[in-house]
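Visitor: Please pick one part of this model and take me through it slowly. Then show me how that part sits in the rest.

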Amino acid sequence: MIVVMEQGSTEEQLQQVIDKLISLDFTVHRSTGVIHTVLGGVGPREVDPEEFLVMDGVRECHRVVAPYKLASRPFRPEGTVVSFGDVQVGGTALTLMAGPCCVESETQIRASARIAAEAGAKFLRASAFKPRTSPYSFQGLGEQGLRLLRAAADEHGLLVVSEIGDHTQIAVMEKYVDLLQVGARNMQNFTLLRDLGHCARPVLLKRGLAATVEELLLSAEYILAGGNYGVILCERGIRTFESSTREIMDISAIPAVKRLSHLPIIADPSHGTGRRDKVLPMARAAIAAGADGLLVEVHPDPDHALSDGPQSLFANQLQELVGQLRIIAPAVGRIL
């Protein structure tokens, strides 16, 4: 149930609506916009909207038909902006997150941070805990990697985004990481998502390898239902029968999410294609389609990377991409 209050409605009128929702066994989530306050009621029963439309201060009321309630566009029609101090994801400015797949050494991550900062990135991305398909592949440096990542980011004034693999890692990652990334394989790890709903850090939620847009939004719902509204979605490609690239970058998911949800969405063309020669074209397409930013892999020496070298950009390629985005951004009403 979504209840939109009139502009200028009083706190007393608002509380009366909240009390009624609670009396009907709804859990209430409040979203205060520039003009209107919206109350999202999540509960086990259907209620006639007329019961709320007759209440003082109520502008409109309707049921949310979609299975996801808090992630739906009507809950926050103006869209969500996730803020990290003076850096915003979901606003007019596009956000660039760049760095290697994982932290390999102090020298490597410091060089990566310099490359990212020189290109204008706001976030340094790298994993310290790296879930891999093969148990024999490099799994990351753990907390030592987090310390190196934080130090390298701080040296260049960058924020940190890093992947969390398990709910037991939340406490240690909160000490070093600004944005917790849930990888594609964990998109439906509901234990993790529930715990992240009570976390103080915003969450970057990647779409699963074979997940629909609806399933992605339902996973986001787990985090929102816990009270953490700092959720950023990420389109990172899905698996199909096509074999020319590792995954298929589903550009159409970006405008689909924009229509269905208020949450910001960025694109990961590195994982979306698995090949560095495809990263720039897909990045350009994603921004043109309405993405709020990019998550790209860049490495000081991709040919010797311990993970995902073939999809990691060289430093000059990242600079080239940024130059192209400065041309595309104004055409779609954005700035970089």
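Guide: Start in helix 3, which covers residues 106-118. R110 and E106 are four residues apart in this helix, so about one helical turn separates them. One caution before we go on: this is a predicted model.

Now look at the two side chains. R110 and E106 meet in a salt bridge, with 3.9 Å from N to O. The cut-off for such a bridge is 4 Å, so this pair at 3.9 Å falls within it. Side chains of opposite charge can pair when their charged atoms come close. How open are the two partners? R110 is partly exposed, with a relative accessible area of 39%. E106 is also partly exposed, at 45%.

R110 has another partner. Its side chain meets that of E155 in a salt bridge, at 3.0 Å from N to O. This pair links distant parts of the chain. E155 lies in helix 4 (residues 143-155), R110 lies in helix 3, and 45 residues separate them. E155 is partly exposed too, with a relative accessibility of 43%.

Step back for a count. The model has 23 salt bridges. Another one joins the side chains of R239 and E247, at 3.2 Å from N to O. R239 is exposed, at 54% relative accessibility. E247 is buried, at 3%. The cut-offs explain the words: buried means under 20% and exposed means over 50%. Both residues belong to a network of salt bridges that links R236, R239, R246, E247 and D308.

Next, go inside. Strand 10 covers residues 179-182. L179 and Q181 point one way from this strand, while L180 and V182 point the other way. In a regular strand the side chains alternate between the two faces of the sheet. In strand 10, the residues on both sides are buried.

What flanks strand 10? Strand 9 (residues 159-164) runs parallel to strand 10, and four bridges join them. In that pairing I164 stands opposite V182. Strand 10 also pairs with strand 11 (residues 203-206), again in the parallel sense, over three bridges. There L180 stands opposite V203.

Stay with L179 for a moment. Its relative accessible area is 0%, so it counts as buried. Beyond its close sequence neighbours, it is in contact with residues including F84, M97, F123, V160 and I232. P202, V203 and L204 are also among its contacts. L179 and G230 are 51 residues apart in sequence, yet their C-alpha atoms are 9.3 Å apart in space.

In soluble globular proteins, nonpolar side chains tend to be buried together. The largest nonpolar core here has 76 residues. L124, L196, L233, L294 and L318 have the most contacts inside it. Take L196. Not counting residues up to four places away in sequence, it touches I164, I170, L180, V182, V203, I223 and N228. A second, separate core has 15 residues, including M1, L14, L21 and L24.

Three bridges join strand 1 (residues 2-5) to strand 3 (residues 37-42). G40 in strand 3 is the bridge partner of I2.

Finally, see the whole chain. Its secondary structure comes to eleven helices and 14 strands. A compact globule of 336 residues would have a radius of gyration near 20 Å; this chain has 21 Å, which agrees. The C-alpha trace spans about 65 × 45 × 40 Å along its principal axes. Of the 336 residues, 54% count as buried. Among contacts between residues at least 6 apart in sequence, 68% join residues at least 24 apart.

Conventions: Residues numbered from 1 in each chain as written. Predicted model: local features only at pLDDT ≥ 70, side-chain atom pairs only at ≥ 80, totals over all residues. Heavy atoms only, no water. Pairing = 2+ DSSP bridges. Helix = DSSP H or I, 4+ residues; strand = E, 2+ residues; numbered from the N terminus. Core = buried A, V, L, I, M, F, W, Y, C linked by side-chain atoms within 4.5 Å. Buried < 20%, exposed > 50% of the residue type's maximum accessible area, 1.4 Å probe, protein only. Contact = heavy atoms within 4.5 Å. Rg over C-alpha atoms; globule rule 2.2 N^0.38 Å.
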